[in-house]
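Subject: Structure handover

Hello,

Here is the structure we talked about. Please load it first, then read the notes below.

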Amino acid sequence: MSKAAELAALIANVNKGSSLANKNFIINGAMNVAQRGTSFSYAHDGTTSAFTLDRFKFIVSNTDEFDGTLTQATDVPSGEGFVNSLKWTTGTAESAVASNEVMYIEHMVEAQNVAGLRYGTADAKPVTLSFWVKSSITGTFNSGIYQSDGSRIMTKTYTISSANTWEYKTLTFAGDTGGTINDDNGEGLRPIWNIFVGSDYTSSDSTSWGSYSSATWGYGHAQNAHATTAGATFLLTGVQLEVGEKATEFEHEPFETTLRKCQRYYIRRNAAGVYHYFGSGHVEAVNAGRIYTSFPVEMNHIPVLETSGTASDYACYNSDVDACTSVPNLTNASTFETGIQLANSSNAFTAGRGCNLLANNTTDAFLAFESEL
Amino acid sequence: MEFKNAKYINDCTDSTKDPYITIYAVVDGRHLSIPCVVGNRYYDQAMKQVKEGTLTIEDAD
């Protein structure tokens with residue numbers, strides 16, 4: 001190759017975007033980070049809204065018999081550098097999709113990361129959503145972007161042509177000159193992937209930006225068989241949302257880079273052993289101790305603390321291992337660090353000593369800090 | 001969000017300081033310590049449900 005040809009190829013590659021770091025507004029688009037676990041079962045309890053693989057949320061509403069599982073799967077498009085995907089598998093099928101039933105996957109992008117799209121101005125920039133999808137059922141599916149601050153939405157349809165075959169899809173959304181994205185830590189844009197959609201959600205045209213109503217959510221969606229077919233599957237990976245009218249090569253990044261991005265919204269510390277140490281602090285009184293812990297990144301907002309819910313899974317080591325009599329609680333929390341309050345109503349602690357919060361002879365203990373949008 | 005067993009938690013070393021530092025509740029099956037901070041979506045939702053009369057939060061011990 002001549003020097004001129006090499007230079008042309010280099011410029012073309014740069015223009016394609018493959019050398020641009022942090023171009024993807026989506027976090028964990030390769031589905032590699034799974035702090036909450038790798039398999040999630042959803043019972044037929046009608047309505048569920050829960051995070052699954054990091055940053056990706058699953059919502060099902062108003063169903064009756066329907067249930068299934070979401071997993072981190074190793075089924076991926078070949079030759080694209082992916083090792084994981086998010087896989088839905090229908091368990092018990094719904095007898096029929098009623099007008100108010102819906103299931104979708106969504107991903108909320110923090111507003112200040114997309115405020116530069118200048119929505120609400122004449123300079124509003126387009127974005128392109130690209131992803132790999134594989135489905136046991138072919139047909140026309142809806143995907144879109146919801147804009148929280150302006151309560152607006154734009155959706156598109158795409159076609160899955162071949163069953164059980166990875167297909168690459170790109171959808172471009174115009175800049176919204178009438179929209180709003182605040183420059184803050186709230187929700188900015190929310191890409192959605194509808195899997196089945198009742199007729200209540202499909203009657204209003206949302207193929208250009210406009211005010212949100214439930215009728216706009218899945219306009220044009222025409223395939224609901226994932227609800228009514230036991231064993232039906234829907235897989236997603238390689239999700240990218242970027243500025244511009246063309247999709248570029250997926251931005252692979254080191255695992256630890258993606259993990260740090262995810263930890264702005266969720267941090268989980270599992271007990272690695274039956275007496276795992278979660279952190280150190282001091283005993284303030286015979287019934288109370290505190291430990292302190294810093295977060296690896298500043299969290300989106302002051303988080304909630306999730307525990308196992310069983311007080312005796314946790315103990316305070318302050319010369320002896322004294323079981324907690326209530327589950328650990330947050331105290332003096334900020335977005336950078338927090339105190340965690342330990343309690344023993346039997347006054348078993350020794351005031352003035354240092355202490356550790358540890359798992360009490362179990363690996364069921366965990367601490368999870370959540371500040372999802 | 002479905003809240004169960006919601007209860008205020010005091011600073012356990014000083015009930016006059018930082019009253020009601022958190023709310024402990026089982027939210028959609030998850031055991032959460034929720035900071036009493038406006039803007040936290042769990043706290044805001046709990047306060048909304050209290051105002052609507054659909055949630056009662058037990059006082060701290």
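**Chain A: contacts and make-up**

In chain A, 76% of the contacts with a separation of 6 or more are between residues 24 or more positions apart. Contact here means heavy atoms within 4.5 Å.

Some conventions. This is a predicted model: local features need pLDDT of at least 70, side-chain atom pairs count only at pLDDT 80 or more, and totals for chains, interfaces and linings use all residues. Residues are numbered from 1 along each chain as its sequence is written, chains are lettered from A and ligands numbered from 1 in the order in which they are written, and side-chain values use heavy atoms, with hydrogens and water left out.

Chain A has 373 residues, and 53% of them are buried. Buried means under 20% relative accessible area, exposed over 50%, and partly exposed in between (1.4 Å probe, protein chains only). The secondary structure of chain A is four helices and 24 strands. Helices (H or I, at least four residues) and strands (E, at least two) are DSSP runs, numbered from the N terminus. Along the principal axes, the C-alpha atoms of chain A fill a box of roughly 70 × 60 × 40 Å.

**Domains**

Chain A splits into domain 1 (3-262) and domain 2 (266-370). These bounds come from an automatic or database domain assignment. The centres of domain 1 and domain 2 of chain A, taken over C-alpha atoms, are 36 Å apart. Contacts link seven residues of domain 1 of chain A to eight residues of domain 2 of chain A.

**Chain B**

Chain B carries one helix and three strands. Their order along the sequence is β-β-β-α. Of its 61 residues, 43% are buried in chain B. Residues 24 or more positions apart make up 39% of the contacts in chain B with a separation of 6 or more.

**Cores**

A nonpolar core is a set of buried Ala, Val, Leu, Ile, Met, Phe, Trp, Tyr and Cys residues joined through side-chain atoms within 4.5 Å. The largest one has 44 residues. Phe131(A), Tyr158(A), Trp193(A) and Val239(A) have the most contacts inside it.

Take Phe131(A). Leaving out residues up to four places away in sequence, its contacts include Tyr158(A), Trp193(A) and Val239(A). Ser143(A), Glu167(A) and Lys169(A) are also among the residues that Phe131(A) touches.

**The largest pocket**

The largest pocket holds about 740 Å³ of space. It is lined by 26 residues, and the closest to its centre are Ser49(A), Ala50(A), Val27(B), Asp28(B) and Arg30(B).

The method runs on a 1 Å grid over the protein atoms alone: a pocket is an open set of points where a 1.4 Å probe fits, with protein on both sides within 12 Å along at least five of seven lines, and lining residues have an atom within 4 Å of a point. Grid points are joined across faces, edges and corners, and the volume is the space filled by probe spheres set on the points.

Which elements supply at least two residues each of the lining? From chain A, strands S1 (39-42), S2 (48-51), S15 (266-270) and S24 (366-370) do. From chain B, strand S2 (22-27) and helix H1 (41-52) do. S2(A) gives the largest share, four residues. By type, the lining has 10 nonpolar, five polar and 11 charged residues. Ala, Val, Leu, Ile, Met, Phe, Trp, Tyr, Cys and Pro count as nonpolar, Asp, Glu, Lys and Arg as charged, and the others, Gly among them, as polar.

**Single residues to look at**

- Asn28(A) has a positive phi of about 70° and is not a glycine. It sits in the loop between helix H1 (3-16) and S1 of chain A. Asn28(A) is buried, at 2% relative accessible area.
- Arg55(A) has a positive phi of about 75°, again without being a glycine. Its loop runs between S2 and strand S3 (56-61) of chain A. Arg55(A) is buried, at 2%.
- Phe349(A) is in the loop between S22 and S23 of chain A. It is buried, at 3%. Its contacts beyond four places in sequence include Val286(A), Cys316(A) and Leu342(A).
- Ser345(A) lies in the loop between strand S22 (337-343) and strand S23 (354-359) of chain A. Ser345(A) is exposed, at 60%.

Best wishes
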